[in-house]
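Subject: Structure handover

Hello,

Please find the structure below, with my notes after it. Read them alongside the sequence.

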Amino acid sequence: MKDKALQEILSELQSGALGQALVLTQNFLLMHQTVYYDMFNAINDDYRLMLDYYCKGYPDEQRGEVYRQLVRRLYVLVANIDWDIQVADSPYLNSLRKQVQQAGYDWSLPTVRRELEEHVSAVALLEFEQEHVRQQKSIDLHQRHQQYMNLLFCRILTAGQWKESEGQAFAELLLSPTISLIDQQLLVSAVMLSCMQMFDYEKFHALLTIYRQHADEVVRQRALVGWALAADSSLSAIYSSLEDELNAVCRDKRCRQELTELQMQLLYCLEAEKDTQVIQQEIMPELMKGNNLSMTSHGLVEMEEDRLEEILHPEAAEQNMERMEASMHRMVDMQKQGADIYFGGFSQMKRFPFFDQVSNWFMPYYADHPAISPILQNTRGKKFLNIITRVGAFCDSDKYSFVLGFNQVLGRIPDSMLKLIDDGEAVPTPVGGEISFEEQQQPAFMRRMYLQDVYRFYRVFPARSHFRNPFRKEQQKPEYIIFANPLFKKTDLTGNCLEIASFLMKRKLFVEAQSVINNYPPNENDVRYFLVTGHLNASLNNPVLACAAYREACRLQPDNEKALAGYARLLFRTEQYNEALLQFKTLLQRKPDHRGYRLNTAVCLLHTNGYDEALQLLYRLNYEYPDDLVVLRSLAWAETLSGKYEEALSRYGKIIEKAPEDLLNNGVCLWLSHDISGAVDLFRRYLSEEGGNRQQLLAFFMDDEHPTLTSRGITDVEILLMLDTVTGMA
């Protein structure tokens, strides 16, 4: 709720203070509203009657339930008032409501049902018409129905809260086999959008019912997205059955799996812009190289092959083809991994008048839509469009964009290209590759395509600012992290929280991962929990909590390599080298050839003065991995600490070429070997080449390497003299 006074009323309702909420509502109505006063009086009178019975000492076993019903009735009233204010304040939403009002339709559900059923019958009867009559009748029929559906969509979106009877009737309507599946899909989206704008329990319940009972998978997946994004935990005190319903649906293993997939897919949506940058900056330039098409003012034109180039460089064509194939495979791989590879291109193709209607952003793709049916009936290019829209991983709104855009450039496509397709000699393939029919029938694919429609609406629709956007990243508790919703805290879905938290951490979304972990019930015997929280707290720079978590994981499973390795690395990071050394040695006993464990053990030994043992490990590593710069740097430093200055300086000569930042360590080596002038030169190079300054150099001498220098006879006075010499004081 946006109005502050109404928010205060809602706060009282959430705390169960019905009497105070009624007082605040009455004050609000006296100042602002009149249309809802009769509804308010009915609630207020019922509450006064309850008070009267209570004060007279009458027992009433139903008193608690009646009280909760009154709370819910007042919420509905307040929500309706708030929604009316939002619509009135939004020029766009207000225009939609006025369109519906001016249409003058009877929006009662029996009438709506009859209208939708009659459309199905009318379409079926077209089969009995003659061809020339059928085509025109079909256009007129679908044109009229599309206008009606858009108005019905806007009616659902802009209307207020549903009564219980309305919610039940609407769910029955969308479960009916006598209604077109296209209409059902569209209306599910309308209910979703409305419920996300202002939570309505009856709409939420209808979406949940459709998800659990509908026979069509596409409708089910739309309903799933709807109720998962609309679930509002702030109203659980008002609608206590919210938790019960979610608890019941989450007992189903399939539901838990689909919610887990949905959460991941929502995050893939948020990466659309990043994926677009990769495609535009890295992949598309390679695809455009080497082809024989050129974009001109007249469209795509085939270029003459350069025969001379072919003679001089016969391998060039093959190399170009290999690069193009590699780029194509990379695009296909991105798509298989969940990337929205078409967002960047198709987000620029949403300026057609088709997308002026809000319902068309959620319209299932069908050939009889009046905006595209004339295009698809055109024999020129028809086969091309049918193939592309059938086999490509395009969401519905992108399919409409593709057909509408194709119509504009049809006259500029080379005839030879269209002829090859129409003659069956060439089959067009989408950039991201073909999607098999079997894959398109998978619930995850259906849901993914629908989410891309939803994401495009909230990212591209010109009037998107008038809608509550679930993809906003700046929210304190992002709505797209459904696994962090407190409503799921007591459901079986919590068993999947660790999987989602790990998924988030791989994307460096540590705060979001923490919000998901907060929904997971801590189990003192759950090693996975301690592993995930250990990694998470380490990433959030909470080393004490991270150490405690890893330590507990090691206690529960002493042989768990992930627990030991995580604990050892964290001890190393927090400079607890003695304890880290014990852990790494334990790991080395199990995997004596593990490169990382050997290297970390050696570095721990350097920090604990075990130079000889460290050198043995590092010599062997350097022999096995002669080009490994990390090993080489560690070995050079070990030799420096061991007083083997000549060997160390020889290695630093090779290191500096690849890692100029090692100028400081090289300088220390020269300093310890009493080559003062050489050390000064390297420290000065660091300042000039690496952009260092006096303060950084002072910190390096007096903090980072102070024990190393002083333990080898270099006093603080000498350190200051070196600093002044390097920085030009001497």
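Predicted model: local features only at pLDDT ≥ 70, side-chain atom pairs only at ≥ 80, totals over all residues.

Residues are numbered from 1 along each chain as its sequence is written, and side-chain values use heavy atoms, with hydrogens and water left out.

Overall form

The chain has 38 helices and two strands; these are DSSP runs numbered from the N terminus, with helices being H or I of at least four residues and strands being E of at least two. The radius of gyration is 34 Å, well over the 27 Å that the globule rule gives for 730 residues, so the chain is more spread out than a compact globule. That radius is taken over C-alpha atoms, and the rule is 2.2 Å times the number of residues to the power 0.38. Along the principal axes, the C-alpha atoms fill a box of roughly 95 × 95 × 50 Å.

Of the 730 residues, 50% are buried (under 20% relative accessible area; exposed is over 50% and partly exposed is in between, with a 1.4 Å probe and protein chains only). Among contacts (heavy atoms within 4.5 Å) between residues at least 6 apart in sequence, 67% join residues at least 24 apart.

The core

The largest nonpolar core has 227 residues, and W227 and L259 touch the most other members. Such a core is a set of buried Ala, Val, Leu, Ile, Met, Phe, Trp, Tyr and Cys residues joined through side-chain atoms within 4.5 Å. Helix α4 (residues 63–89) gives the most to this core, with ten residues. Apart from neighbours within four places in sequence, L259 is in contact with L224, W227, A228, C250, I482, F483, F488 and L493.

Two loop residues

Most residues other than glycine have a negative phi. K508 is not a glycine, yet has a positive phi of about 65 degrees. K508 lies in the loop between α24 (497–506) and α25 (510–517), and its relative accessibility of 62% makes it exposed. H674, also not a glycine, has a positive phi of about 70 degrees. The loop that holds H674 runs between α34 (663–672) and α35 (676–689), and H674 counts as exposed at 68% relative accessibility.

Regards
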